[in-house]
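This report accompanies the sequence and structure displayed below. Please consult both while reading.

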Amino acid sequence: MSGKGKTDLIVNGKRLDGRKPEELRPVKIQAGVLKRADGSCYLEWGENKVLAAVFGPRECLPKHEQDPYRARLLYRYNMAPFSVEDRKRPGPDRRSQEISKVSREALERVVFLENFPKASIDVFVEVLQADAGTRCAGLTAASVALADAGIPMRDIVVACAAGKVDNEIVLDVNKIEDNDGQADLPIAILPRTGEVLLMQLDGILAPEEYKRALQLAVEGCMKVNELQRNALREKYEKLADAGEQKE
Amino acid sequence: MIVMEINEEILWSVKRDAIRALIEAGKRSDNREWNQFRAIELAPDFVRKAEGSCFIKLGNTQVLVGVKFAVGVPYPDTPESGTLMTSAELVPIASPIFRAGPPDEDSIELARVVDRGIRESKMIDFDALCITPKEEVWSVMVDLHVLDHDGNLLDAASIAAVRALLDARFPKYEDKKVIYTEKTKKKLPLKDVPVSSTFAKVGSALLLDPLLEEEKAMDARVTIATTHEGNICAIQKGGSGSFTLEECEKLASEAIKAGKEIRKQHLK
Amino acid sequence: MARVIVVPGDDVAGKPSEFTYNDAGKTVSSVVGIYDEKEGVARVIPLNGRYDPHIDDYVVGIVTEPRHGGARVDVNTPFAAYLPTPRSYNFGDVITARVKDVDEVKSVILWEDRKVPSSGTVIEVSPVKVPRVIGKKNSMVDLLKQLTGCDMLVGKNGRIWMKGPSDAAVARAEKAVLKIAAEAHTPGLTERIKEYLSKE
């Protein structure tokens, strides 16, 4: 975020990629794409490509992290070396670790961890191609993967970012806008209640701008949440009246 | 890092005998011939922003390979040659027994064996990667990102890596800076198209392109990379079992045959 | 009542029960599953999930640690169950047992253990598919045994032991079970399985 406020990112109400200020990039979501993982989700958000997988509940390792009252939630956000312009060395860097932490914290009160004492629920997000907004794409995919794995939760968490570009509040900034934008506000919410579970800000926003950005980001979240729910339903669409399914 | 979870280990130990018995009876659980590859699906240029990439589905094994270019200083003993570096990540999403951590011996072996097949076949014309002798050369970085492990990561990664290198395009290089957002039409200077074929040995049976269950039951494996002229350019034997001399020769000629087929179908 | 697919967070009618929760008076689904309402209670059958042990469950386990006076047994839960027993077992022995107790940290105690004949094999499906593999009044598992000639023991924990007259027979049975698990929620499955097994 260079914050220089380049003034040719929005021209005649249109952004460089043709979007209106309140428009989302196209999002595609597929549930259940990996064989080995208990639950998984492949998600494309604009040029972002992320793959999330969930294992669990399973044995909690290392053993000293076992909690007798609830499962431990592990969230690991990782970028493939070829996902960004300048090749990224494999392994967690400080940015990835921070994203992992705030993403885990967004999910901790949503997943019914108390159902699985002493166990671990492991969430892994791999960014295959990055174009700004990867933490939101990753958390959005992770929620679908958790549901796909059958992990009980209060709701499907969704994330989306708003930003300030060219002195205007816009929804879902892409990489070019992120590089020369003035502020970036990623959030994650619980759709049922609108509770904000993740929120970060880079840049400067006046109070009115902050309010507008929050509002836009929530709208974006609700739109993406529809897609998450559809993706899960679609996976099991072959279901008809499973009359023989008895307990 | 791989930590054998008791859960995973225990189930395989019970299944091992049943799998071995099936194989000794001359069958494979997916009804393939001993020298048959699984169905291969390639999605070239999957990561469009990278200089080169290819996603592969080999049966249920899924691997994504990315190719990045950078400009760097050449090695002092080869001042007019570009460089190649291959790395592998066995990320946790690919299998319940992969855990996060620094590369372990399996990911290191995977990277080095894929690298050997590419390097020894002389696939890349390294001298043509020179920009300014002794100062600036192109370095090619191949990253193998394993996404779903159902056996034979070696061949899956290798085939995808070769496809990615075949399609990779140089980014613009201007005023000593690489402009990644502008790709040129120029491709890598290539002289060969290596193909790797991996065989597992289970009892006395030899199996090309082993499934995960076959790898769990195997005594040994061997990976053989071949060139488009039908020569052998790299070999890696793994596992603590052994091969007879006849088997070594038989597998080499099978590898050449399999290599020709794969080259024809997927690596033009 | 028509069955509907619900996802976590969806409001459903009926009093809360397993796989649903109460949110300020509303009943909400907590999993992806099939929902219907029966006698005023919301019923959600999950479409995926690991094994959640309950007392009296019949399970197929694998001995991981024989001990004096008992053994630790893997029953597809995050950590091994404990079986107090006078019988002596070896690592890797396959047994059937019943869940005697599940405590508040989900530690499982087993009893009524029986060793299964050796030289069989064990496969795993998601525990939520087990009812379909068994079928109404054992109809599906009986069909499988009849058409493959295999002996089978189906554990509520998603583990299925099978032994047959030949390895090919066991392989067929295994494939059929995996097919049932994959298509558990489609109609006409029994017919398709009959057809599938008659072909090979």
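## Overall form of chain B

The model is predicted. Chain B contains 5 helices and 12 strands. Along the principal axes, its C-alpha atoms occupy a box of roughly 65 × 40 × 35 Å. The radius of gyration of chain B is 19 Å, which agrees with the value near 18 Å that a compact globule of 268 residues would have.

Of the 268 residues in chain B, 58% count as buried. When contacts in chain B between residues at least 6 apart in sequence are considered, 70% join residues at least 24 apart.

## Aromatic pairs and a cluster in chain B

Over all chains, a search of the whole structure finds 8 aromatic pairs. One of them joins B:Phe69 and B:Phe170: the ring centres are 4.8 Å apart and the planes stand at 45 degrees, so the pair is tilted. B:Phe69 belongs to strand S3 (residues 61–72) of chain B and B:Phe170 to strand S7 (residues 169–174) of chain B; the pair therefore ties together parts that are 101 residues apart in sequence.

Both B:Phe69 and B:Phe170 are buried. Together with B:Trp138 and B:Tyr173, B:Phe69 and B:Phe170 form one aromatic cluster.

## Charges over rings

The ring of B:Phe170 also has a charge over it: the charged end of B:Lys186 sits there, 4.4 Å from the ring centre. A further arrangement of this kind involves chains A and C, where the charged end of A:Lys118 sits over the ring of C:Phe79 at 4.7 Å from its centre.

## Strand S8 of chain C and its partners

Strand S8 (residues 70–74) of chain C has 4 of its 5 residues buried, so this strand is largely enclosed by the rest of the structure. On one side of the pairing scheme, S8(C) is joined to strand S7 (residues 58–67) of chain C in the antiparallel sense over 5 bridges. C:Ala71 in S8(C) is the bridge partner of C:Pro66. The hairpin of S7(C) and S8(C) has 2 residues between the strands, and in this hairpin C:Gly69 takes a positive phi near 85 degrees.

S8(C) also runs antiparallel to strand S9 (residues 81–84) of chain C, to which 4 bridges join it. C:Arg72 has C:Tyr82 in S9(C) as its bridge partner. The hairpin formed by S8(C) and S9(C) has 6 residues between the strands, and C:Asn76 in the turn has a positive phi of about 70 degrees.

Definitions and conventions. Residues numbered from 1 in each chain as written. Chains lettered and ligands numbered in written order. Predicted model: local features only at pLDDT ≥ 70, side-chain atom pairs only at ≥ 80, totals over all residues. Heavy atoms only, no water. Phe/Tyr/Trp six-rings, centres within 6.5 Å; stacked < 30°, edge-to-face > 60°. Buried < 20%, exposed > 50% of the residue type's maximum accessible area, 1.4 Å probe, protein only. Lys NZ or Arg CZ within 6 Å of the ring centre and 35° of its normal. Rg over C-alpha atoms; globule rule 2.2 N^0.38 Å. Contact = heavy atoms within 4.5 Å. Pairing = 2+ DSSP bridges.
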